[in-house]
Amino acid sequence: MKGISFILSVAAILAVLGPGPRLHAGASDGSAYAPTDAERARWTMADMRTLAIALAAYHQDNGKYPAGATLDAAIRAVEPMYVKHAPRTDAWGNAFRYIPDGDLAGFTLVSAGADGVFDEKTWSEDKTSEDFANDAVVRNTDFIRNWAYK
């Protein structure tokens, strides 16, 4: 029960605060700031955690994850009750993919990574990758594929 209480506490905080702004200061020479792929990976994984926690809170209250085969359907189920503004895209601008299990007892959430191309055959591999073009995958609330960044 401690884990569920923690998840609900974090979900409540995120519902109030939202996933956070993506504001970045410009360089001292006045040019626009261009984040690295490692920074984008960090932001993307944080946003995926935010969405996974909101979905877990929904599951706690409803006994199942949101129905519907699209990210928009899942987000409609969790906004604004579990998160004020749910993230819809990764830090490269690609839409996340949400796939609920047939019985709604679990879900998969995927970022296509820097290349924007989903590679479904790799989603079951438990792996940490240094290649930001690889997909990042959350299964329920746990990353099974993620990026290593420094």
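Arg88 is partly exposed, with 35% relative accessible area (buried is under 20%, exposed is over 50%, and partly exposed lies in between, with a 1.4 Å probe and protein chains only). The structure is a predicted model, in which local features need pLDDT of at least 70, side-chain atom pairs count only at pLDDT 80 or more, and totals for chains, interfaces and linings use all residues. Residues are numbered from 1 along each chain as its sequence is written, and side-chain values use heavy atoms, with hydrogens and water left out.

**Salt bridges**

- The model contains five salt bridges, each defined as a side-chain nitrogen of Lys or Arg within 4 Å of a carboxyl oxygen of Asp or Glu.
- Arg88 pairs with Asp72, with 4.0 Å between the closest N and O atoms.
- Asp72 belongs to helix H3 (residues 71–78) and Arg88 to the loop between H3 and strand S1 (97–100), so this pair ties together parts 16 residues apart in sequence; helices (H or I, at least four residues) and strands (E, at least two) are DSSP runs numbered from the N terminus.
- Asp72 is partly exposed, at 42% relative accessibility.
- A network of salt bridges links Asp72 and Arg88 with Glu79.
- Arg97 and Glu120 form a salt bridge in which the closest N and O atoms are 3.1 Å apart.
- Because Glu120 lies in the loop between strand S2 (107–111) and strand S3 (127–129) and Arg97 in S1, the pair ties together parts 23 residues apart in sequence.
- Glu120 is exposed at 53% relative accessibility, whereas Arg97 is partly exposed at 29%.
- Asp119 and Lys121 meet through their side chains at 2.9 Å, N to O, in a salt bridge; Lys121 is exposed at 68%, and Asp119 is partly exposed at 27%.

**Helix H3**

- The buried residues in H3 are Leu71, Ala73, Ala74, Ile75 and Val78.
- These buried residues pack against helix H2 (37–62), S1 and S2, where contact means heavy atoms within 4.5 Å.

- Five of the five residues of S2 are buried.
- Phe107, Leu109 and Ser111 are buried on one side of S2, and Thr108 and Val110 on the other.
- S1 and S2 run antiparallel and are joined by four bridges; two strands pair if DSSP finds at least two bridges between them.
- Tyr98 stands opposite Leu109 of S2.
- Six residues separate S1 and S2 in their hairpin, and Leu104 in the turn has a positive phi of about 60 degrees.
- S2 is also joined by four bridges to strand S4 (residues 136–139), again antiparallel, and Thr108 has Arg139 in S4 as its bridge partner.
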